[in-house]
Amino acid sequence: MPVRLYSLKTSHPAHAVRGMLEHKGIEFEVRELTPGLHPIQLRLARFTGPTVPGLLLEGERVQGSRRISRALDRHRPSPPLFPVQPERRRAVEEAERWGEEDLQAVPRRLFRWATVQDRELRE
């Protein structure tokens with residue numbers, strides 16, 4: 001069964017997952033979704049949430065870059081995505097949490113504002 005990444009071209013978390021897959025040497029195909037329609041497209045692909053990235057990995061559907069990183073390390077432990085040393089791993093996990101919970105909202109808001117203001121950007 002192929003590994004399939006559900007993505008938006010503008011999604012930095014989806015680009016991060018691409019990097020994870022490449023780092024691990026996992027072949028994958030990308031399904032670029034339509035902005036604005038992607039929650040429906042994800043539902044049709046049997047994902048439970050409305051946001052990308054989504055990954056189909058050996059029949060398992062995983063959403064969110066943090067969940068996907070753990071699933072990839074379970075699926076293919078080497079090379080690891082996280083440092084082995086507990087202190088360094090905690091630091092990476094904290095940076096990952098901050099990026100998702102705090103930083104990610106900023107580019108989303110900026111992009112939404114820009115698309116309202118600029119028709120060419122919407123197209």
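Modeller: Gladly, and please keep in mind throughout that this is a predicted model. Let us begin at the hairpin of S3 and S4, which has 2 residues between the strands, and where Glu-58 takes a positive phi near 50°.

Colleague: How many bridges join strand S3 to S4, and do the two run parallel or antiparallel?

Modeller: In general, the strands of a sheet pair through backbone hydrogen bonds, and the pairing can be either parallel or antiparallel. Here strand S3, residues 54–57, is joined to S4 by 4 bridges, and the two run antiparallel. Within this pair, Leu-57 stands opposite Glu-60 in S4.

Colleague: In what order do the strands of the open sheet lie?

Modeller: The open sheet is formed by 4 strands in the order S2-S1-S3-S4, with mixed pairing. Strand S2 (29–32) and strand S4 (60–63) are the edge strands, since each pairs on one side only. From one strand to the next, the twist averages 20°.

Colleague: Which helix packs on the sheet, and which strands does it touch?

Modeller: That is helix H1, residues 12–24, which touches strand S1 (4–7), S2 and S3, and whose direction makes about 160° with that of S1.

Colleague: Which residues make up the largest nonpolar core?

Modeller: This core has 12 residues in all, including Val-3, Leu-5, Val-17, Met-20, Leu-55, Val-62 and Ile-68. The elements that give two or more residues to this core are H1, S3 and H3. Ile-26, also one of the core residues, is in contact with Val-3, Leu-21, Leu-72, His-75 and Arg-76, leaving aside its neighbours within four places in sequence.

Colleague: Which residues of helix H3 are buried, and what covers them?

Modeller: An α-helix has 3.6 residues a turn, so residues three or four places apart point the same way. In helix H3, residues 65–75, the buried residues are Ser-65, Ile-68, Ser-69, Ala-71, Leu-72 and Asp-73. Their cover includes H1, S3, S4 and helix H4 (86–103).

Colleague: At what angle do H3 and H4 pack, and how far apart are their axes?

Modeller: Two packed helices are described by the angle between their axes and the distance between the axes. For H3 and H4 the angle is about 145°, and the axes are 10 Å apart. The contact is made by Ser-65, Arg-66, Ser-69 and Arg-70 of H3 with Glu-93, Glu-96, Arg-97, Glu-100 and Glu-101 of H4. By class, this contact has 7 charged and 2 polar residues, and no nonpolar ones.

Methods
Residues numbered from 1 in each chain as written. Predicted model: local features only at pLDDT ≥ 70, side-chain atom pairs only at ≥ 80, totals over all residues. Heavy atoms only, no water. Pairing = 2+ DSSP bridges. Axes fitted to C-alpha atoms, helices over the stretch in contact; angles between N-to-C directions. Contact = heavy atoms within 4.5 Å. Buried < 20%, exposed > 50% of the residue type's maximum accessible area, 1.4 Å probe, protein only. Core = buried A, V, L, I, M, F, W, Y, C linked by side-chain atoms within 4.5 Å. Nonpolar A, V, L, I, M, F, W, Y, C, P; charged D, E, K, R; others polar.
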